[in-house]
Amino acid sequence: MSLESVTQSVDEAVSGFFEPIAKWLGEVVFYAVPVGGTDLPLIVAWLVVAGLVFTGWFGFVQVRKFRLAVDVVRGKYDEKGSAGEVNHFQALTAAVSGTVGLGNIAGVAVAVSIGGPGATFWMILCGLLGMATKFVEVTLGVKYREVHADGTVSGGPMHYLPKGLAERFGKNGKTLGKVLAVLASFMILFFGLFGGNLFQVNQSYAQLVSVTGGEDGAIGSSAGALFFGILVAALVGIVLLGGIRSIANVTSRLVPAMAGIYIVACLIVILVNVSAVPDAVTAIVEGAFNPEGVAGGVLGALIIGFKRAAFSNEAGLGSAPIAHSAVKTKHPASEGLVALLEPFIDTVVICTMTALTIVIANPATLGEDIGGVTITSDAFETVLPWFPYILTVAVMLFAISTVLTWGYYGLKAWTYLFGRSRTSEVTYKVLYTVFAIAGSLLTLQTLIDLADAVLFSLAVINIIGLYLLAPVVKRELNSFLEYVRARDAGRETGDGEDQESVKTTV
């Protein structure tokens, strides 16, 4: 029996078993209600409302403190002797690498194709609102992180939900928090293995095959797929063994590189068609409030834009706090401010560049029922005939960085569930690398659909916790702002104080 027939049999067997489960959970998590002639997924509304609430609660922190956030990333307010494993910039790039990916390339094309140019406007707005949510969850991630004896750090919803709720609501809060923490860990682990690992490897391999002669090309065979999977698994395994420091060292170089390559390509298309830019901007703004041919009109364009942004930047899902928690700081809100830059980079900058490129190029495939990545590729190809090769490099970089970051997220979820012993960690890392190999051989689309539903289920749990713990975040923000004022004035700041030992009273 050939390798190809074996993998096909596995795909069919897995799909047959999990398809009913995936379908049921997907219908529950992504349940949509008819609004104004189109369907509104309630999970998207849940994420957007959270962004609105936190934007108001913290007085448009994403606007007022944007410059301060940039200063923190630059290291202006670094504190000597802080617990943690990576600096602010490395923590940011590690987290960004988990969100910047195919959603920025293919997802945006789908949004523009279905919702028209106006969907871009609403996508940007959703990204701006998501900055406030990201600020809240990451501040909590650092506030309630666990610093181990060896200097490594664990954080995320599996830590701030039980600790924060216990601190605010006592015994009942502690019990509820532990239950939610276990559920959060399982959801993060499941998505990490299938959505953050297997899917990324599978899609990057598919793009590589498409530019190397297809199934009859150099690596189109089962043997080529196996070689690719082993190569990616080896790279991921080596980096993953080094922990967050190793991952951060890679992503701090990889993320700027991959974003730079992609943005330069966008700018080339835009500059070549510079005379079309005013019309494109007009189409985006007018299309947001007066879309033609879009189901549901304005509301339809709004929902599509919000949906793509929410799925792209992951604000409110609880994943990013895991990477950000490893930062070296004594003030949790300092990293919360850094984190609000994440949706800005992911959605406001990269997604907008993609959308603007597509609107300006207006490829013939726009609006057709085909894969989103094809629309994006065709848009670039109108100016750069060789762009599919550049897109392949970008997809590979996006995929590898995502696999690395989700490998770390999954490890923290695994060790929360099964302990931090060396045996436990090695077991997980072996399992994760095996999934990377499988990614080039299997599609397992049903499990990937299931993983998406599981991850967005986490948003329900996580955001409830964010609402309950928002007063803690406000106190941490005030504490950091006082530190900044004292630092700027040249006064003593009490760097040696243990900020995390202060009890919260609200």
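Start by selecting Lys143, Arg475 and Glu476, which are linked in a network of salt bridges. A salt bridge here is a side-chain nitrogen of Lys or Arg within 4 Å of a carboxyl oxygen of Asp or Glu. The model is predicted: local features need pLDDT of at least 70, side-chain atom pairs count only at pLDDT 80 or more, and totals for chains, interfaces and linings use all residues. Residues are numbered from 1 along each chain as its sequence is written, and side-chain values use heavy atoms, with hydrogens and water left out.

Glu476 lies in helix α19 and Lys143 in helix α7 (residues 118-143), so the pair ties together parts that are 333 residues apart in sequence. Helices (H or I, at least four residues) and strands (E, at least two) are DSSP runs, numbered from the N terminus. Is this pair buried or exposed? Glu476 is buried at 3% relative accessibility, and Lys143 is buried at 4%. Buried means under 20% relative accessible area, exposed over 50%, and partly exposed in between (1.4 Å probe, protein chains only).

Next, select Glu482 and Arg485. They form a salt bridge, with the closest N and O atoms 3.2 Å apart. Both residues lie in helix α19, three residues apart, about one turn of the helix. Glu482 is partly exposed, with a relative accessible area of 39%, and Arg485 is also partly exposed, at 48%.

Now go to Asp71 and Arg74, another salt bridge, where the closest N and O atoms are 2.8 Å apart. Asp71 counts as buried at 13% relative accessibility, whereas Arg74 counts as exposed at 60%. By the rule used here, the count comes to six salt bridges.

Which helix gives the largest share of the nonpolar patch? Helix α19 (residues 445-488) does, with three residues. Ile464 lies in this helix, α19, and is partly exposed, with a relative accessible area of 40%.
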